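Here is a friendly briefing to read with the sequence and the model side by side. Please take a moment to look at both before going on.

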Amino acid sequence: MLIAQITDLHIRMPGQKAYRVVETDRYLPPAVAALNALDPAPDVVMISGDLTDFGREAEYAHLKGMLDRLAAPYYLLPGNHDARAELQRVFDGHAYLGSMDGFVQYTIEDYPLRMVVLDTVVPMQSHGELCERRLDWLADRLDEQPERPTVIVMHHPPFRTGIAHMDAIGLLQGAERFEAIVGRHRNIERIMCGHLHRTIFRRYAGTVASTAPSTAHQVALDLRPDGPSAFKMEPPGYHLHEWRDGALVTHHAYIGDFPGPYPFHEDGALIDE
C-alpha cells in the first residue's frame, strides 16, 4: 500500500501571493502531476492541513478544481489556516468531513493500513488543541481495533521541533493525554503531521511521529531560541509512505523537473569515465 502525503498548500487565488512572495496555487499543479506520474501509483493521497491561506470559500473552490485532477482518491483535514464550514461547503461530496459534529475527525477503513484522522484546529488561532471530546473519540476509535496496523493523521505535531516560532503555535493543549492514549496502543505505526513545512521525525510514545514538507514554501531551518518567523523557497516536496510486509517506510520526494535518472552501471560494471 502506498500513501502519498502532501501538506500546507496555502492556496490563494490566481495572481495572489502569500506573504507577498509565493503564488501558492502555481505550485499545486506540479505536485498533482508528480503524484499522478508515480509508478506504482499511490492508493490514496492524504492532505494534512493548511489547505488554503485564509479559509475563504473561493480559495476552496480554486483548490478543488486542482485536486480533482488527482488520479488517486484524496482525503482532507483542516489546519490552522482553514475554516471548517467553508471546507465542508465546497467539498460537499466528501461526506467524511462532517462525520463528527463540530470537528473533522474520521477513519479510513478501506486499506490494509487503517487511518485515523484528528482535527487539531482552534478557530481563528494558529496553535492547535485536542479537547477532551476529540481525545475521547480517538481513544474509542483505537479501542475498536487494537490489533490492526494504524496511522494517525493530524495537522499540528504533538512534539517540540526546536523551531521556536513554530513550537509556540504547536499543539498547546491535549498533548499529554494524547501521548498517553497513543502509548497504550502498540499497533500505531506512525503519526503523520503537517504544519512545519519541513521533514522532521521523532520517536514518540512508542511509535514515530513525522512532519512533511510543503508543496510550496518551507519554514526556515533555524534552531536558535530567538529565531524569527521566516520561510525559504527551498524545493517543494511530499512524503510517500509504503506499507509492506508489516513495516512502514517513508520517502521524502521533491517536486520539480530535475536531470536524470542516470545509470550507475554499463555492461554490468560501474561507469568509470
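Helices here are DSSP runs of H or I with at least four residues, numbered from the N terminus. With that in mind, His165 sits in helix α5 (residues 164-167). Please remember that this is a predicted model.

- Setting aside neighbours within four places in sequence, His165 is in contact with Val219, Gly227, Pro228, Ser229 and Ala230.
- Pro225 is 60 residues away from His165 along the chain, yet their C-alpha atoms are separated by 8.4 Å.

**Val122 in a loop**

- The loop between β5 (114-117) and β6 (128-129) holds Val122.
- Val122 counts as buried because its relative accessibility is 14%.
- Not counting residues up to four places away in sequence, Val122 touches His127, Gly128 and Glu129.
- His81 and Val122 are 41 residues apart in sequence, and 9.8 Å lies between their C-alpha atoms.

**Helix α4 and its neighbour α6**

- The 13 residues of α4 should span 18 Å at 1.5 Å a residue, and the end C-alpha atoms are 18 Å apart, which agrees.
- Helix α4 (residues 132-144) and helix α6 (residues 175-183) have axes that come within 10 Å and cross at roughly 5°. That angle is why α4 is described as roughly parallel to α6.
- On the α4 side the contact is made by Glu132, Leu135, Asp136, Leu138, Ala139 and Leu142, and on the α6 side by Arg177, Phe178 and Ile181.
- Sorted by class, this contact of α4 with α6 has 6 nonpolar, no polar and 3 charged residues.
- The buried residues of α4 are Arg134, Leu135, Trp137, Leu138, Ala139, Arg141 and Leu142.
- For background, an α-helix has 3.6 residues a turn, so residues three or four places apart point the same way.

**The open sheet of six strands**

- Which order do the strands of the open sheet follow? The 6 strands run β4-β5-β7-β9-β11-β10, with mixed pairing.
- The edges are taken by β4 (106-108) and β10 (200-204); each has a single partner strand, so one side of each is left without a neighbour in the sheet.
- On average, neighbouring strands of this sheet are turned by 20° against each other, direction ignored.
- Inside the sheet, strand β7 (residues 150-153) pairs with strand β9 (residues 188-193) in the parallel sense over 4 bridges. Ile152 has Ile191 of β9 as its bridge partner.
- Helix α4 lies across β4, β5, β7 and β9, and runs at about 170° to β5.

**Strand β1**

- Is strand β1 buried or exposed? In β1 (residues 2-6), 5 of the 5 residues are buried, so the strand is largely enclosed by the rest of the structure.
- In a regular strand the side chains alternate between the two faces of the sheet.
- Both faces of β1 are covered, with Leu2, Ala4 and Ile6 buried on one side and Ile3 and Gln5 buried on the other.
- Strand β14 (residues 237-244) runs antiparallel to β1 and is joined to it by 4 bridges. Leu2 has Glu242 of β14 as its bridge partner.
- Strand β2 (residues 44-48) runs parallel to β1, and 4 bridges join the pair. Here Val44 of β2 is the bridge partner of Ile3.

Methods: Residues are numbered from 1 along each chain as its sequence is written. This is a predicted model: local features need pLDDT of at least 70, side-chain atom pairs count only at pLDDT 80 or more; totals for chains, interfaces and linings use all residues. Side-chain values use heavy atoms; hydrogens and water are left out. Axes are lines fitted to C-alpha atoms, for helices over the stretch in contact, and angles run from 0 to 180 degrees between N-to-C directions. Helices (H or I, at least four residues) and strands (E, at least two) are DSSP runs, numbered from the N terminus. Angles under 35 degrees count as roughly parallel, over 145 as roughly antiparallel, 65 to 115 as roughly perpendicular and the rest as oblique. Contact means heavy atoms within 4.5 Å. Ala, Val, Leu, Ile, Met, Phe, Trp, Tyr, Cys and Pro count as nonpolar, Asp, Glu, Lys and Arg as charged, and the others, Gly among them, as polar. Buried means under 20% relative accessible area, exposed over 50%, partly exposed in between (1.4 Å probe, protein chains only). Two strands pair if DSSP finds at least two bridges between them. The expected span of a helix is 1.5 Å times one less than its number of residues.
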